[in-house]
Amino acid sequence: QYWKNYMNDENVSYFWQKDRIMETAKNKGDNDMVAYLTQLNAFLDICDQLKETWSYPTKEQLAAHKTTLQNMKTAAANYRGARLRSQYALLAMRANMLLKDHQANLAYWKDKGGNLPDNVYKEMMRNIYAGALFHTGNKKEAFEIYAEQGDQASIRWAMRKYRNLAGIQNIFAENPNAASLYYLVQDFVNNVQESIDTDDPEWITYIGRVQIKSPEAQQFVAFADKAAANGTVSDQCLWKTASALTSYLLGNRKQAAQAIEQAMKLNGAQRTKDNARCVRLLVMANDPGVKSKFLRTEMEWLDQKVASQGKDDYSFYRAHDRILHQSLIERYKNSGNQEMVWAVNCLGDFRDSGDEYWNPRYSSDFNVVLDSMDASQLKKYYAFISASHKDPLESYVTGKIYKDANYFNDMIGTKLMAQNAFEEAVPYFENIPLSFFCGQN
């Protein structure tokens with residue numbers, strides 16, 4: 001946002017337009033900014049060279065890097081202004097980081113960095129400080145900073161040896177309310193899921209997961225239940241929800257249902273309670289004893305959560321997708337309602353991208369579901385989704401899915417032609433305006 005304001009351009013990115021930003025600073029006569037950008041660009045150039053994977057830097061290059069970084073530290077120390085104070089402080093800690101002078105960064109943060117105004121530069125400095133803590137043996141303090149900042153890449157690397165039940169128990173024993181436990185618990189349950197989905201250890205490693213076998217997962221359930229009952233734990237809902245979801249993944253549906261109902265009543269952060277509500281919906285959606293009206297209310301709540309998510313957060317969307325495909329479809333398969341199996345499949349997939357060069361109606365899983373039907377099934381399905389429904393969940397699903405008459409006339413007519421029923425196909429095509437075909441690609 002800083003560079004957008006400086007350039008008065010909402011689309012500016014320093015990574016891609018640093019030369020343009022430097023030119024603007026020069027044109028403005030902003031000598032302080034030109035001096036800072038010179039140092040910043042030197043730092044970024046070194047980072048680019050260190051990322052080069054085809055060759056190691058020569059001794060001469062390393063010596064030049066060291067000189068540049070020392071000069072960078074001197075420039076930061078000599079800056080006496082206020083406007084770029086935070087930026088120069090960050091630059092100094094970045095230089096120390098590349099010089100592997102972690103003790104210097106510990107001291108710099110305590111003496112200067114921690115006293116700066118709260119802003120993005122200070123948070124970046126705190127992240128570097130966490131790295132210095134990690135490299136000087138204060139690993140668990142570093143874990144907490146990474147977790148509080150939501151730095152998934154750093155915490156996954158730093159806590160790579162803790163991604164199991166023993167690691168969770170180790171952290172819990174020292175601090176049952178450690179921020180890093182949110183990461184470890186979520187990671188563990190995700191690893192259980194992936195381990196159940198495939199027994200290929202090479203694939204598990206390839207996707208960055210850890211294989212968790214059933215005995216360890218069952219032991220985790222017992223540990224999580226105890227943690228949820230621990231009066232010193234501030235987010236008891238987290239642990240009971242994890243217990244419920246792990247039980248569900250292991251196939252213990254009754255145990256999962258009991259646990260998630262208990263989780264909903266426990267103390268916890270709002271996001272944890274939202275997650276518990278998603279898990280409850282996942283666990284209960286395929287239970288024939290659960291009322292359709294309740295499930296509709298919960299699905300509408302989840303729709304609101306998906307709509308309110310930021311552009312880089314897909315957690316509720318993924319929960320929505322899993323609930324549809326693992327629970328609701330199973331519910332209707334078990335009851336023999338094939339039309340609703342098709343409808344829920346179509347509800348989960350169809351997303352209009354708005355891209356004029358891509359037509360999701362004919363190129364996505366949505367279309368694959370419909371294409372799997374013969375003409376008779378397709379006509380029956382279209383009649384079903386076009387009708388009004390008294391059942392709350394059927395009304396919800398059929399009210400949200402795509403059911404354009406021209407599209408279905410085209411699909412049914414094409415199916416009939418494929419079955420050599422040309423005369424029967426003609427009326428379906430006659431009802432489609434030419435403008436519809438002109439809009440296809």
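Which hand does the crossing of H22 and H24 have, left-handed or right-handed? The tour reaches that crossing after a few words on the model.

This is a predicted model, in which local features need pLDDT of at least 70 and side-chain atom pairs count only at pLDDT 80 or more, while totals for chains, interfaces and linings use all residues. Residues are numbered from 1 along each chain as its sequence is written, and side-chain values use heavy atoms, with hydrogens and water left out.

**Stop 1: H22 and H24**

Select helix H22 (residues 375-386) and helix H24 (residues 405-418), whose axes come within 9 Å and cross at roughly 160°. Helices here are DSSP runs (H or I, at least four residues), numbered from the N terminus, and axes are lines fitted to C-alpha atoms over the stretch in contact, with angles that run from 0 to 180 degrees between N-to-C directions. H22 and H24 are therefore roughly antiparallel, a term for angles over 145 degrees, just as angles under 35 degrees count as roughly parallel. The crossing of H22 and H24 is left-handed, meaning that the near helix is turned anticlockwise from the far one by less than a right angle. Now show the side chains of Ala375, Leu378, Lys379, Tyr381, Tyr382 and Ile385 in H22, which meet Ala405, Phe408, Met411, Ile412, Lys415 and Leu416 in H24; contact means heavy atoms within 4.5 Å. By class, this contact has 10 nonpolar, no polar and two charged residues, where Ala, Val, Leu, Ile, Met, Phe, Trp, Tyr, Cys and Pro count as nonpolar, Asp, Glu, Lys and Arg as charged, and the others, Gly among them, as polar.

**Stop 2: H14 and H16**

Next select helix H14 (236-249) and helix H16 (270-284), whose axes come within 10 Å and cross at roughly 25°. That angle makes H14 roughly parallel to H16, and their crossing is left-handed. On the H14 side the contact is made by Cys237, Leu238, Thr241, Leu245 and Tyr248, and on the H16 side by Thr272, Lys273, Asn275, Ala276, Val279, Leu282 and Val283. These residues divide into eight nonpolar, three polar and one charged.

**Stop 3: the largest pocket**

A pocket is an open set of points on a 1 Å grid over the protein atoms alone, where a 1.4 Å probe fits, with protein on both sides within 12 Å along at least five of seven lines, and lining residues have an atom within 4 Å of a point. The volume of the largest pocket is about 1,400 Å³, a volume being the space filled by probe spheres set on the points, which are joined across faces, edges and corners. Helix H18 (315-335) is among the helices that each supply at least two lining residues, and H18 gives the most, with nine. By class, the lining has 19 nonpolar, 11 polar and nine charged residues.

**Stop 4: Asp303**

Finally, pick Asp303 in helix H17 (residues 292-308). The C-alpha atoms of Asp303 and His320, 17 residues apart along the chain, are separated by 7.9 Å. Not counting residues up to four places away in sequence, Asp303 touches His320, Tyr396 and Lys400.

Conventions: Angles under 35 degrees count as roughly parallel, over 145 as roughly antiparallel, 65 to 115 as roughly perpendicular and the rest as oblique.
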